[in-house]
Amino acid sequence: MKEIQNKLLTKSKATREDHFGRAICYLCIGLIIALVVCILYFITSRGIATFTQNHVNIWGFLAGTNWNPGSVDAHGNPEVGALPMIVTSFSVTVLAAAVATPFALAMAIFMSEIAGKKGTKFLQPVIELLVGIPSVVYGFIGLSVIVPLIRKIFGGTGFGILAGTIVLFVMVLPTITSLSVDSLRAVPLSYRQASAALGANRWQTIYKVILRTAAPGILTAVIFGMARAFGEALAVQMVIGNAVLMPKSLVSPASTLTSKLTTDVGNTVMGTLPNNVLWSLALILLFMSLFFNLLVRFIGKKGSIKK
Amino acid sequence: MNPKRINNIATAVIYGLVGIVVLILLFLIGYILFNGVPDISWKFLTTPAQAFSAGGGIRDQLFNSLYLLVLTLLISFPIALGSGIYLAEYAPDNWFTNLIRTTIEVLSSLPSVVVGLFGYLFLVIQLHLSFSILSGAIALTFFNLPLLTRSIEESLNSVSDLQKQAGMSLGLSDWRTITRIILPVGLPGILTGVILSAGRVFGEAAALIYTAGQSAPIVNYANWNIFDPSSFLNPMRPAETLAVHIWKVNTESVTPDAHLISSASSAVLIIVILIFNLSARFIGNWLYKKMTATR
């Protein structure tokens, strides 16, 4: 009797395994969440130290144009104007996305509307290869091909926003393309049939129906591309010239947030002002990345295709 | 202009743009391989790097890259697998799951330099791991986790519900159904995801500069004692990887043959990544055919 009772009341091996497995999975997902919280906390707490410990004016940081954290200006405030880097970062990002979008759209339309299976089979590996090339290799090619070319055509050093834009354009192209393809494919077939039944030819259908239906998806793709361009560090660092100056032209040396971070973190002492402002730059990067994310969510909610 | 002509022009423009992109890719691959491959020799792959004179190789950097890759996968795969199973099998459809997905998305969209800096702050400084392979592997795990988790979740989700129902109807527990039925069916997809992520990890540099360090001390390849500082297996030594090496010789170093070293190293990097990509496709297909009745 006791034995049967025991058997009924204790958990079986399978149940114990079940609970154990479930616990492990919960632990794993908990770890990832803890990690993200940790990243946000650490970068934020370091990033605001410039303003809380060193009492730097936040406006002076965002809008100042003199970057020289080691010294002070006439009023005794440290020269930590990050505007040149912010402007450069935004210009390379926007320019790269602007150049890449037509190419990416053409690729996407070609793959989903024109080429059929064979063309897709040919272009899919092209995109995968472009994604697969590491950023340092892009930087190296930029340094040894693009920069000399710009030097030859425009004079100067060749380093600058233009070189950064060209390198980033190739790097964000696959991101924008593959996401645009997804959104073009998500347009229901019935839309194409309806358009064809009205007598529209292929381009009319693409332009008037498909692109408009897929517009939110394409916008999302472009934003993801911009997020990638904004956060890219080494490839840009190698071709941008690394001079913290307000960019005067597309071919004068400049410096982005990421390039400043990669070159300077190792040369400053933890806890000092020159180091703290670097973390503030990282904080800007973090905020922008969160902002791009929010934007994508917002568009996704507004513009999902209703079937 | 009549619509027909516009249609033709638009089509031609699209063909032109696609052609340009294909040409860019051909140029990139061609440039790297034509410039780099002639300089790759057995000697280049097996001699240590030189800081101030020409003729250095990439022995240590290549080994460091591979070692770091293995360690990263060892750390990140179990965590990603657990999270992937959670998201695909356990997660209820509610706000909390939504929050988790957003969190993972945020992590995957963080710039790798920010992830690297966090690694520097947390691992190198707070946990006193110093510039080491271990710090690098953990930082790369941060960078690798969201993508790997998502690809595992997707391949588990693509397993047909019928398989799960069959397991349930046989009286198997949830966990057994997952480990004995769903995981084997999803394995080809998971493996493809792992190999593709390996390619990404292999080429990553920004997250490593301040975690695995930028120096490659001479190590002894005959010393198998993992705790010995001179051993090649010691995870606590600083380790410059191949990608970081390319960056470094191009920006900071004074090596006279920097161009040669970086073009040859780039070629090695690209070839390894091409192998990863091709094998991901091949092994995935092969395993799928082998494990299912597909012909």
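Two residues are taken to be in contact if their C-beta atoms, placed from the backbone, lie within 7 Å. By that criterion, four residues of domain 1 of chain A touch five residues of domain 2 of chain A. On the domain 1 side of this contact in chain A, one residue is nonpolar, two are polar and one is charged. The model is a predicted one, and the contacts are read from its coordinates.

The two domains of chain A are assigned to residues 14–47 for domain 1 and 84–303 for domain 2. Their centres, taken over C-alpha atoms, are 31 Å apart. UniProt, in an unreviewed entry, lists residues 86–296 of chain A as "domain: ABC transmembrane type-1".

Confidence in chain A can be given both overall and by element. The mean pLDDT of chain A is 87, and 98% of the residues score at least 70. Among the elements of chain A, helix H5 (residues 83–114) has the highest mean pLDDT, 93, whereas strand E1 (residues 67–72) has the lowest, 78.

Chain B is also divided into two domains, with domain 1 covering residues 1–39 and domain 2 covering residues 42–291. The distance between the centres of these domains of chain B, over C-alpha atoms, is 32 Å. Six residues of domain 1 of chain B are in contact with seven residues of domain 2 of chain B. The domain 1 side of that contact in chain B consists of three nonpolar residues, two polar residues and one charged residue.

Within chain B, helix H3 runs over residues 59–90 and has 32 residues. From first to last C-alpha, H3 of chain B reaches 45 Å, close to the 46 Å expected at 1.5 Å a residue.

The remaining topic is the contact between the chains. Chain B contributes 66 residues to it and chain A contributes 69 residues. On the chain B side, several helices each supply at least two residues, including H3, helix H4 (95–109), helix H6 (133–157) and helix H8 (174–203). Helix H1 (3–36) of chain B is another contributor, and H1 of chain B gives the most to this side, with 18 residues. By residue class, the side of chain B that touches chain A divides into 46 nonpolar, 16 polar and four charged residues.

Conventions
Residues numbered from 1 in each chain as written. Chains lettered and ligands numbered in written order. Predicted model: local features only at pLDDT ≥ 70, side-chain atom pairs only at ≥ 80, totals over all residues. UniProt positions renumbered as here; feature names shortened; annotations may be inferred. Domains from an automatic or database assignment. Nonpolar A, V, L, I, M, F, W, Y, C, P; charged D, E, K, R; others polar. Helix = DSSP H or I, 4+ residues; strand = E, 2+ residues; numbered from the N terminus. Expected span 1.5 Å × (residues − 1). pLDDT = per-residue confidence, 0-100.
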